Amino acid sequence: MKQLAIIPGDGIGKEVIAAGMEVLDAVSEISSFQFEPEYVNIGSDRYLETGELLTDEDIKLLKSKDAIYFGAIGDPRVKPGVLEQGILLKMRAVFDQYINLRPVTSWFPLVPLKREVDFDIHFLRENTEDFYMGANGFFGPNNGGNKAHVHVKRELYDLDIDLEAKASNDDDFAFEIGLLSKKAVTRFADYACRYALARGDKKVTLVDKANVITTNYGMQRQIFQEKTKEYGLDLEFMFVDAMAMAMIVRPETFGTVAVPNLFGDILTDLGAQLQGGLGMGGSGNINPEGVSMFEPIHGSAPDIAGQGKANPIAAILAAQMLLENQGFPEEGRMLHDAVRKSLDTNMTTPDLGGKLKTAEVGKHIADYVRSQKN
Ligand code: NAD
Ligand code: IPM
Ligand code: MN
């Protein structure tokens with residue numbers, strides 16, 4: 001019996017998780033995958049009511065689960081960053097979910113490229129460091145003086161960083177530090193190599209901007225060089241700008257792609273669009289030894305929330321990843337096939353050209369799963 005925490009969150013998160021839960025229920029009706037869901041109220045509504053984001057109590061509860069199924073957070077009533085940093089990024093950090101797996105698959109006929117091309121790129125986004133550490137602040141005469149202090153606490157280290165401007169300086173500054181640690185890059189590279197081998201890929205592609213951000217990404221290149229050599233894999237370096245272009249021109253040439261946090265965020269939205277849109281991108285925040293969290297890559301989509309227009313497939317593909325992660329690959333495969341079927345029969349939401357509501361797509365996919373009972 002798998003213990004699952006369900007966090008629908010905000011906006012369309014609620015709608016797509018409802019559809020995903022119907023599908024997981026169907027899976028449990030016809031297979032040995034059995035689960036007990038516990039809904040956890042985390043998101044903007046609770047924040048606006050109580051001021052709570054991700055509390056110690058939430059963390060304790062979530063720690064006791066096998067996995068987390070998450071919708072989305074984000075609310076126009078709340079200042080950008082508060083929910084994102086206080087809930088989602090905090091969750092990835094405290095559970096040390098250091099791999100963000102985001103597949104980009106050619107779901108025909110949704111691929112928007114001129115050339116018909118088959119691809120299956122698996123992005124592994126480093127999920128705890130880079131410019132996502134919250135290592136930020138201000139200094140300057142109108143910003144508390146010429147000194148700033150940053151405290152960063154992660155599973156791997158606890159840092160205090162002091163910054164100081166010349167006392168004579170009369171300007172104000174804002175900063176956001178992008179940090180990489182050797183330990184985090186090493187475990188990331190190790191995971192990427194093992195992932196590539198398991199997939200049968202001969203190479204790992206590492207995306208960076210080592211021609212400008214030379215220190216961080218230079219160190220990362222060196223570590224990936226050592227690791228890929230150790231595992232007998234080829235290593236391909238791509239600058240992120242060229243990678244954005246190459247994803248359009250030759251997506252079929254990529255397999256396992258390792259990418260630091262910020263660039264990974266950007267490239268995987270592009271990747272989602274290569275699959276037909278944000279409603280097609282599933283995502284797993286993975287701690288190989290701990291509690292992992294599965295979510296669509298899209299946000300709360302306030303522009304369409306509450307209208308039944310949201311495509312639930314990204315959330316359903318996230319459920320597929322949850323099943324695979326929990327040791328149910330055949331059941332995961334069933335969801336993949338069910339999504340394929342709903343595309344083939346045009347049982348889709350308007351973003352994919354269909355006429356169905358979110359819940360109807362969920363029901364269609366759940367019914368297909370039920371029909372697979374043998
Ligand atoms: P978004 O992903 O919410 O939406 C971008 C566009 O894609 C919108 O036009 C939306 O209608 C469309 N879209 C997204 N998902 C869709 C789906 N399933 N079906 C059909 N159309 C879909 O990104 P945004 O508008 O930049 O951000 C809105 C809020 O969500 C912000 O507060 C942001 O911080 C937050 N956000 C949260 C997550 C997350 O929880 N993982 C991810 C991204 C953004
Ligand atoms: C995503 C989102 C998040 C990110 C935000 C909401 C913090 O865009 O999951 O892709 O940048 O990782
Ligand atoms: Mn994103």
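At 15% relative accessibility, Asp190 counts as buried, where buried means under 20% relative accessible area, exposed over 50% and partly exposed in between, with a 1.4 Å probe and protein chains only. Asp190 belongs to helix 5, which covers residues 182–199, and, leaving aside residues up to four places away in sequence, Asp190 touches Lys227 and Tyr231, a contact being heavy atoms within 4.5 Å.

The model is a predicted one, in which local features need pLDDT of at least 70 and side-chain atom pairs count only at pLDDT 80 or more, whereas totals for chains, interfaces and linings use all residues. Residues are numbered from 1 along each chain as its sequence is written, chains are lettered from A and ligands numbered from 1 in the order in which they are written, and side-chain values use heavy atoms, with hydrogens and water left out.

The protein chain has eleven helices and 14 strands, these being DSSP runs numbered from the N terminus, with helices (H or I) of at least four residues and strands (E) of at least two. Its radius of gyration is 21 Å, close to the 21 Å that the globule rule gives for 374 residues, so the chain is as compact as a globular protein of that length; the radius is taken over C-alpha atoms, and the rule is 2.2 Å times the number of residues to the power 0.38. Along the principal axes, the C-alpha atoms fill a box of roughly 75 × 50 × 40 Å. Of the 374 residues, 55% count as buried, and among contacts with a separation of 6 or more, 73% are accounted for by residues 24 or more positions apart.

The chain exposes about 16,600 Å², of which carbon and sulfur atoms supply 51%; accessible areas come from the Shrake-Rupley method with a 1.4 Å probe, and for residues only the protein chains shown count as cover. The mean positions of the 39 positive and 54 negative charges are 3 Å apart.

The domain assignment, which is automatic or taken from a database, gives domain 1 (1–98 + 288–374), domain 2 (111–129 + 181–274) and domain 3 (134–179). The contact between domain 2 and domain 3 takes seven residues from domain 2 and five residues from domain 3, while 30 Å separate the centres of these two domains, taken over C-alpha atoms.

Lys147 lies in strand 7, which spans residues 147–153, and is exposed, with a relative accessible area of 52%. Not counting residues up to four places away in sequence, Lys147 touches Phe139, Leu163 and Glu164. Although Lys147 and Pro112 are 35 residues apart along the chain, their C-alpha atoms are separated by 50 Å.

Several backbone features occur in loops. A cis peptide bond, with omega of about 0°, joins Phe108 and Pro109, and Pro109 lies in the loop between strand 4 (99–105) and strand 5 (120–126). Asp96, found in the loop between helix 4 (82–94) and strand 4, has a phi near 50°, a positive value in a residue other than glycine, and is buried, with a relative accessible area of 9%. Asn346, in the loop between helix 10 (329–344) and helix 11 (358–371), likewise has a positive phi, near 60°, but at 48% relative accessibility Asn346 counts as partly exposed.

Definitions and conventions:
Lys and Arg count as positive and Asp and Glu as negative; His and the chain ends are not counted. The place of a charge is taken as NZ of Lys, CZ of Arg, CG of Asp or CD of Glu.
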